[in-house]
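This report describes a strand arrangement, the helices packed on it, and a set of aromatic contacts. The model is a predicted one.

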Amino acid sequence: MANDLSKLWQQVLTDSERIKDTSLRALFDHDEFRVKAMTKTLIDGESEIVVDFSKQLIDAQALKTLLTLAEQAGVVAKFAEMRGGERVNFTENQAALHTALRSPKTAKLELNGQDIIKQVHDELEKVQSFSEKVRSEKKFKKIVNIGIGGSDLGPALIFDVLSAGRKPEIECLFVANIDSTEINAALARCKPEETLFIVCSKSFKTAETLANARIAKQWLATGLGVGLESDVLAEHFVVVSANLLQARSSDVDATNSFQIWPWVGGRYSIASAMSLAPIIAFGFETFKEFLAGMRSVDEQMQTSKPEDNIALILGLIDVFNFGTRRHSSQAVLPYASALRLLPSYLQQLIMESNGKSVRHDGTPADIATSPVVWGGVGTNSQHAFMQMLHQGTQVVPVDFIGFAQLTNVDLVSHDALVANMFAQAKALAFGENQAETNDSAIAPHRKMKGSRPSTTFLAKSLTPRTLGALIALYEHRVFVHGIIAQINSFDQWGVELGKTLSIEINQQINQSTSAVNDASTKSLIDKYRQLKSKS
Ligand code: F6P
């Protein structure tokens with residue numbers, strides 16, 4: 001870190017040390033305005049999200065230091081540069097312009113002499129008219145989205161969330177894994193003449209996606225009683241890619257195709273044509289609401305005062321929890337079944353973005369970067385893993401996400417659901433009220449010390465707009481952590497090695513030799529060959 005940043009970082013560490021042995025109870029007792037100061041509300045039209053981070057083990061002084069650090073590190077200025085098309089993904093010499101995907105038509109943004117906003121809106125118009133056509137024709141009753149990572153998790157999340165509120169016009173199924181059990185199960189629920197396949201792949205080189213597209217095509221040809229070369233098949237296929245040239249040269253013939261761009265990372269592509277499946281299922285107007293929710297957080301991140309900048313503050317708390325305290329994992333616990341896919345979505349967003357250990361200048365990162373992200377819905381999680389969060393040897397910061405209103409729910413049960421969320425956050429923060437209990441009378445194994453950090457997100461309702469806002473909040477807090485750690489949040493070189501090796505090993509499995517491998521991998525390939533041929 002530069003000298004002045006180093007000094008500030010030392011101050012953050014000092015703050016961390018100072019608070020380390022303080023209890024959350026003491027922090028609350030000493031500051032009657034704590035909750036007011038540490039609760040921010042994001043209001044955007046009908047959408048309202050209350051973010052209460054008062055149960056984080058942090059105090060006003062530490063927050064002030066973190067905000068100064070952010071100022072000195074130019075976090076918000078760098079965010080503006082990213083939005084302006086700076087090549088922040090420097091290892092791939094690319095801009096990261098996911099925010100442009102939700103910019104209004106009136107915005108101005110050029111990259112390499114190209115009008116980015118026009119490109120985005122032209123494509124959105126294509127998406128709108130295609131989705132309206134599919135909805136009105138009523139030919140397709142099922143959509144199978146074929147894609148993996150960012151080409152699957154985003155559209156699947158939107159579809160799942162919206163399906164909880166209302167019935168989709170068309171049912172969508174999502175197939176990602178190269179384990180063909182998944183696509184077989186999806187196809188078993190479809191009729192060939194009524195099925196539309198959307199093949200999503202930014203690169204159009206991803207093995208899983210190409211394998212599943214091949215299986216889908218064979219199934220369709222057999223079901224329709226036509227050959228693999230028949231033009232009829234293309235009517236059932238749509239392609240979404242940044243590499244339409246590669247798509248055209250593949251075996252996937254599609255009558256309709258939509259574009260994303262090299263400057264959109266796969267895990268940041270939820271606001272693009274990658275979400276075509278849920279757009280068809282719920283209509284373009286719904287998607288516009290989702291985009292509006294994201295856009296309002298983009299604006300908030302760039303323009304609000306630091307002390308009111310929710311994404312910035314959440315990112316700085318991540319820096320504090322994972323960078324200084326070195327907590328190694330983050331639990332995401334939505335108290336809404338509709339958000340059951342959120343933890344997986346965030347796993348890719350956070351871990352693929354910030355799972356790095358080398359800084360811009362090639363030197364090792366000196367603060368811890370991505371936590372392990374995991375989670376599950378409440379209240380199920382309370383009967384599965386919450387015990388560890390309350391009394392385990394590791395401290396796991398938690399994000400609780402709940403809603404005042406959910407559609408199609410029993411109101412009595414809903415109150416109980418939200419009460420459970422509040423209760424878990426309270427128990428983690430304050431444990432047993434030892435001031436009121438005779439501490440020595442409690443057996444050691446029953447003691448709950450509390451002071452386990454959490455943030456509670458309480459939104460009015462789970463609308464498309466609120467979902468968009470929530471996702472953008474997470475995107476930007478990932479950005480904040482990445483800037484402070486000085487890493488590139490937009491590449492993913494680590495994934496590439498696994499991809500290359502799997503291709504090599506796949507070839508070796510079907511050849512007689514696997515000599516180029518290490519002893520363990522060679523032995524496993526041999527055993528696999530033996531077991532495969534055993535009756
Ligand atoms: O896992 C690596 C990755 O490149 C992700 O970043 C991406 O979302 C996923 O694979 C799928 O890639 P594509 O959209 O190019 O098929």
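Strand β7 (residues 195–200) runs parallel to strand β8 (residues 237–241), and four bridges join the two. Within β8, Val240 is the residue that stands opposite Cys200.

Both strands belong to an open sheet of five strands, ordered β6-β5-β7-β8-β9 with parallel pairing. β6 and β9 are its edge strands, each pairing on one side only. On average, neighbouring strands of this sheet are turned by 20° against each other, direction ignored.

Helix α7 packs on the sheet, where it touches β5 (142–146) and β6; its direction makes about 145° with that of β6. Helix α9 (residues 207–224) lies across β5, β6, β7 and β8 and runs at about 160° to β7.

The structure holds 14 aromatic pairs. Two of them are listed here.

| Pair | Centre to centre | Angle between planes | Type |
|---|---|---|---|
| Phe159 and Phe174 | 5.9 Å | 50° | tilted |
| Tyr268 and Phe490 | 5.3 Å | 50° | tilted |

Phe159 lies in helix α7 (residues 153–165) and Phe174 in strand β6 (residues 171–175), so this pair ties together parts that are 15 residues apart in sequence. Phe159 is buried, at 8% relative accessible area. Phe159, Phe174 and Phe282 form one aromatic cluster.

The pair of Tyr268 and Phe490 links distant parts of the chain, 222 residues apart. Tyr268 sits in the loop between β9 (256–259) and α11 (276–282), and Phe490 in the loop between α17 (464–485) and α18 (493–509). Tyr268 counts as buried at 2% relative accessibility, and Phe490 is buried with a relative accessible area of 10%.

Definitions and conventions: Residues numbered from 1 in each chain as written. Predicted model: local features only at pLDDT ≥ 70, side-chain atom pairs only at ≥ 80, totals over all residues. Heavy atoms only, no water. Phe/Tyr/Trp six-rings, centres within 6.5 Å; stacked < 30°, edge-to-face > 60°. Buried < 20%, exposed > 50% of the residue type's maximum accessible area, 1.4 Å probe, protein only. Pairing = 2+ DSSP bridges. Axes fitted to C-alpha atoms, helices over the stretch in contact; angles between N-to-C directions. Contact = heavy atoms within 4.5 Å.
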